[in-house]
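Hi everyone, thanks for coming. Today I'd like to walk you through two contacts, one inside a chain and one between chains. Have the picture open and follow along with me.

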4 protein chains.
Amino acid sequence: MISFECDYNNGACQQVLDNLIRHNNAKPTPYGFDEFSERAKHCIREACGLPDAQIFFLTGGTQTNATTIDSMLYQYEGVICVGSGHINVHEAGAVEFTEHKIITLPDYQGKMEAKVLDKYLDDYMHDGNKDHAVHPGLVYITFPTEFGTLYSAKELKDIYQVCQNYEIPLYIDGARLGYGLMADGNDITLPYLARHCDVFYIGGTKIGALCGEAVVFTNRKAHKHFFSIQKQHGAVIAKGALIGLQFEALFTDKLYFKLSEHAIKMAMRMKELFIRKGFEFYVDSPTNQQFVILDNEQAEKLSRKVEFSHFGQTDRHHTICRFVTSWATTEEEIDELEKILG
Amino acid sequence: MISFECDYNNGACQQVLDNLIRHNNAKPTPYGFDEFSERAKHCIREACGLPDAQIFFLTGGTQTNATTIDSMLYQYEGVICVGSGHINVHEAGAVEFTEHKIITLPDYQGKMEAKVLDKYLDDYMHDGNKDHAVHPGLVYITFPTEFGTLYSAKELKDIYQVCQNYEIPLYIDGARLGYGLMADGNDITLPYLARHCDVFYIGGTKIGALCGEAVVFTNRKAHKHFFSIQKQHGAVIAKGALIGLQFEALFTDKLYFKLSEHAIKMAMRMKELFIRKGFEFYVDSPTNQQFVILDNEQAEKLSRKVEFSHFGQTDRHHTICRFVTSWATTEEEIDELEKILG
Amino acid sequence: MISFECDYNNGACQQVLDNLIRHNNAKPTPYGFDEFSERAKHCIREACGLPDAQIFFLTGGTQTNATTIDSMLYQYEGVICVGSGHINVHEAGAVEFTEHKIITLPDYQGKMEAKVLDKYLDDYMHDGNKDHAVHPGLVYITFPTEFGTLYSAKELKDIYQVCQNYEIPLYIDGARLGYGLMADGNDITLPYLARHCDVFYIGGTKIGALCGEAVVFTNRKAHKHFFSIQKQHGAVIAKGALIGLQFEALFTDKLYFKLSEHAIKMAMRMKELFIRKGFEFYVDSPTNQQFVILDNEQAEKLSRKVEFSHFGQTDRHHTICRFVTSWATTEEEIDELEKILG
Amino acid sequence: MISFECDYNNGACQQVLDNLIRHNNAKPTPYGFDEFSERAKHCIREACGLPDAQIFFLTGGTQTNATTIDSMLYQYEGVICVGSGHINVHEAGAVEFTEHKIITLPDYQGKMEAKVLDKYLDDYMHDGNKDHAVHPGLVYITFPTEFGTLYSAKELKDIYQVCQNYEIPLYIDGARLGYGLMADGNDITLPYLARHCDVFYIGGTKIGALCGEAVVFTNRKAHKHFFSIQKQHGAVIAKGALIGLQFEALFTDKLYFKLSEHAIKMAMRMKELFIRKGFEFYVDSPTNQQFVILDNEQAEKLSRKVEFSHFGQTDRHHTICRFVTSWATTEEEIDELEKILG
């Protein structure tokens, strides 16, 4: 059975695996202080156009979000996020586990709007009881969003401007960063994104790696004891080169972008198939996640031949079905889907 | 200047103070294990019609909410609350500080609706990824709500039924419990409320006491080590009789209810004044908090003679002004307000 | 039965109670921003000789320790304390509840030794793996200690010097501060103590008040959002004047010191009685807590007529019995003890 | 330069790497619900002689300890550990980060003694103020210890007996489990260990894997929502097969034991070299960590040719140097050390 269930039910891409094999006996310095991690950081700094960026490698997305957010907040501060944000709904309370509140704003197609953020912060600043409330200490957005949508360059700039007006840093969750950057119509480059936030992470797990995410502090404002905070979170691995080696491969010869581009190409072929068959979409996504509305019967029937996931319901009779491609999706799998859709 | 700013800018009512004075030299057992606390608990059990209720005294509302909620949740569980709920907006993140998420639902006039709760829980139960989400472990409502509104007996029953269907306990924040129970049109009695939840607290600070809240577990399901949890929260005071003595007075000769009734009488006089003068209300509150919409100029002018608080804005030119009465509000103060309103 | 069980099984001293009664109808500003609290702070600043000290009122000792310590530490930092320190043994893990480790050092008669602290910090600084350990962020001592012993002026100065050498602040828990300051042989004054630490608290609960402790930041280094942290801890009471009024009374006409002096006088009479009868002491305490070694039979027999507490055992057959006086202890009670001891 | 600095400065053993390569394209179910993880669990259950054991895979040691301990404790409980225990000194406060206290006992050569544990628990149970203290909720020991020492079968049995007497579970940190099990003179087998504790973990990172630890609950008492707790800790990786595949290899054909045996053989050769040269040892370790006392000059000189770590000092002039072998240590490296020692 073909699967479009998610973008993490596969192994590593070949070049990543090869790099692990090649240097398996290299005896690297532990805890991420090895030469491969250093090289990987160098490559990422180059790709971001930020020669001074501070970079840390962690293992997975939830861990990266909780550790990074916790490192940036004072104890009485919370993080602002749209209600549909990943940290708010799918991370088992990992942020609250670090004692910080997630302050939620309404979203538009999964995105935070600069004006909504501005209104919230303005109200907060003028609230006579603000010391009885959680202080907003960080803004969190995802690129792409949970709905596969993207901020335009203008939208990101506006949000960052609001953040700067209130002196609150901006953090971008890039679990699927490559799939956003390589999407049709996207007008944000990696250097542009890096210049319009204070910290972001480059997702490896969903794009070619076995595990691993790279947190990039753009302004040299990483907590000076980030390592200890990482350790306290159980987020340091002894053999740090495991992640360094993978990112070195991903950021050599633009592999990360090529893998992402491929996934997008497959997603657009898939999207076209659904359009051609007259299906409606829950949201118009230019990225590797497509949200198709099927009536429950169709969904049930299709699920016998294709793996996908249920994202919700539009009404009692219709299901929002999520179909996801990845760097590992093949043309043959899309062909097969085409056959099945008939 | 007269003040309707809040219901906690005064001392204790005379009977409460007298009881403190009378037994000042009694050498009570510390940490709340004294005879006065025992007697107070007895009186409260009688008033609730629950001879077996487990009762604990704490100092203030935020402390009581955080300690009680934390005691009822497993680490991976969160508490469900409407977005406008006190724990979500005015307690400085005290619940998240205990590592628990507040899961927010939309409210209707400050109230949680049984059908909205049911829908949320039903969706949660059917969510294939529910183990990646925070588990709902408790439902929190306030009586009266932040907007001064009240649940009807039917509404409370319906919410509790949903809770029971999903085996999730219900907790009622009664910071202003008396002001709700004695409100015009309220059809909930203390025993009824006690039978339709698993735990609630009776607010003392806002109704006659200097400090102190009484947590009542209705079903003998208080955590067996509630005392240690209370201590861990810094919520045990050495001279526990300070609170016991106050509640003994409040629950002798129905004092708590009489104090509350008086505040409601004053609030209704005040409400009538505003109605008579043609003011609009943000919400129709039968309790001691009245939310009047004034244009900004009116609000500014009135604030020179009367203390009240700003609750928000309906538009750029209109402010929602909160006027609060308490057990300590006098007829003279309302007369004075009448004169000022002209 | 007479009781020397503890110094918190009584009400308030008369002047404190009178002040509460006198201003009961004063309608003070809530949350501690009232004039009485301001006046109390002024009196305390005078007594400390620190016109700029930042002062906050909290309700009880455990709450005060947890809130103050948490406010002074970064998330990856811990607090250094002797193993017998109150926060380490009798506060139900309230410090760890705020996610901070207590790093324990061995004590000498309940006291931390400057050289032991210096050795620990020196080792830490030279530890190649120090980023894998909890960073020491605060030093906590008690005055008097759990054993009723006192630091000399020289000892305190030496500890503070070590703290300053390593740029780690010093916090003094003064739950029984007055009983230390007024002890025979003590060579530390309140201003001296205030100049030799960064923050300390003046215990009210055990010395004349119903509840309340005053945290004094000596160097204007209180966290700028201490109020929000206090609120987050559930450590703000709505009617803050309750504590302000008590401290105003305690720091008017040196009441705090007179109450303490009386307790010490009673303790010394008691001590002499035990000495005269040939009892041994577990430790030589100049303060209001006396630790007498009784054989188990004696202890059992005495406990029928006098209340005291068990502090531990020196061997199977001997119990360390703690006898405590307070401001409320009367000459008659000591006379009665004398009769009982025979 | 040859390195005996630690047992985690290398890659994976060949069979582990081969298994990852072989199944790289297998499209496993995410989050650890894949067939490889299932197979690995099956193999581990067989090796433990526990057909019903509940097994979870995590990434590293600190994470495993914090997650497992947190899952087993109520909020008011702490974990008992010797002062030198890894969680107490080298995990950056990761346990306290979950709000639990580490209650420390003195050790004997890194080991907890049954009688010391028994005394502590007995005292606790008889402490009249025990509700003001942290409740002991778990006992934590390491096998081997931080000093490379081992519990005998008798010693482990005695400790477990004490735990059972007080109904407190026992958790064994097996970061270097294999190196303990295969040590000369060890009389504990894996099944014996599994029968004498409630939960333990089998360290993979230090014995053949790139990352990964296997937590084994022996009595079917894993928290029913362990997965959610794991997620909340940021301790779930999306591609769980990464760990499953490694443990499948390690527990096929006794690889885990063979790798461990090799490390011990190398360690014993090394130990003999040091003995032959007349060096003293800080402790007599039968496992892969050897603690040799060098005078500072010797240490400095040796460090130019051999990597090892500093463990502390016996006096100003002597350093405790830790030399560690692993599954990856070669005979050639020991030969080289022999040459260097001269």
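Let's begin inside chain A, where domain 1 and domain 2 bury about 2,200 Å² between them, with 64% of that area on carbon and sulfur atoms. Please keep in mind that this is a predicted model.

Where are these two domains? Domain 1 of chain A is made of residues 2-7 plus 256-341, while domain 2 covers 14-254. The contact involves 23 residues from domain 1 of chain A and 29 residues from domain 2 of chain A. Taken over C-alpha atoms, the centres of the two domains are 27 Å apart.

Which residues of domain 1 of chain A lose the most area to domain 2 of chain A? They are A:Asp7, A:Tyr256 and A:Phe257, and together they account for 36% of what that side buries.

Now stay with A:Asp7 for a moment. A:Asp7 forms a salt bridge with A:Arg176, and their closest N and O atoms are 2.6 Å apart.

If you like to think in helices and strands, look at helix H11 (255-276) and strand E10 (289-295) of chain A: each supplies at least two residues of the domain 1 side. H11(A) gives the largest share, nine residues. Sorted by class, that side of domain 1 has twelve nonpolar, six polar and five charged residues.

Next, let's turn to the contact between chains. Chain C and chain A bury about 1,800 Å² between them, 47% of it on carbon and sulfur atoms. Each chain brings residues to this contact: 21 from chain C and 21 from chain A. On the chain C side, C:Gln75, C:Tyr76 and C:His132 supply 34% of the area buried against chain A, more than any other three residues.

How many salt bridges are there between chain C and chain A? The count is zero, but ten residue pairs are in polar contact. Helix H3 (61-72) and helix H9 (226-232) of chain C each give two or more residues to this side, and H9(C) has the largest share with five. By class, the chain C side has seven nonpolar, ten polar and four charged residues.

Finally, how do the copies relate? Rotating by 180 degrees, with 0.0 Å of shift along the axis, superposes chain C on chain A with an RMSD of 0.0 Å. The two copies are therefore related as by a two-fold rotation axis. And because 100% of the interface residues of chain C are also interface residues in chain A, the copies meet through the same surface.

Technical notes: Residues numbered from 1 in each chain as written. Chains lettered and ligands numbered in written order. Predicted model: local features only at pLDDT ≥ 70, side-chain atom pairs only at ≥ 80, totals over all residues. Heavy atoms only, no water. Least-squares fit on C-alpha atoms with pLDDT ≥ 70 in both. Contact = heavy atoms within 4.5 Å. Domains from an automatic or database assignment. Buried area = accessible area lost by both parts, 1.4 Å probe. Salt bridge = Lys/Arg side-chain N within 4 Å of Asp/Glu carboxyl O. Helix = DSSP H or I, 4+ residues; strand = E, 2+ residues; numbered from the N terminus. Nonpolar A, V, L, I, M, F, W, Y, C, P; charged D, E, K, R; others polar. Polar contact = N/O pair within 3.5 Å; in protein donor to acceptor, adjacent residues only side chain to side chain.
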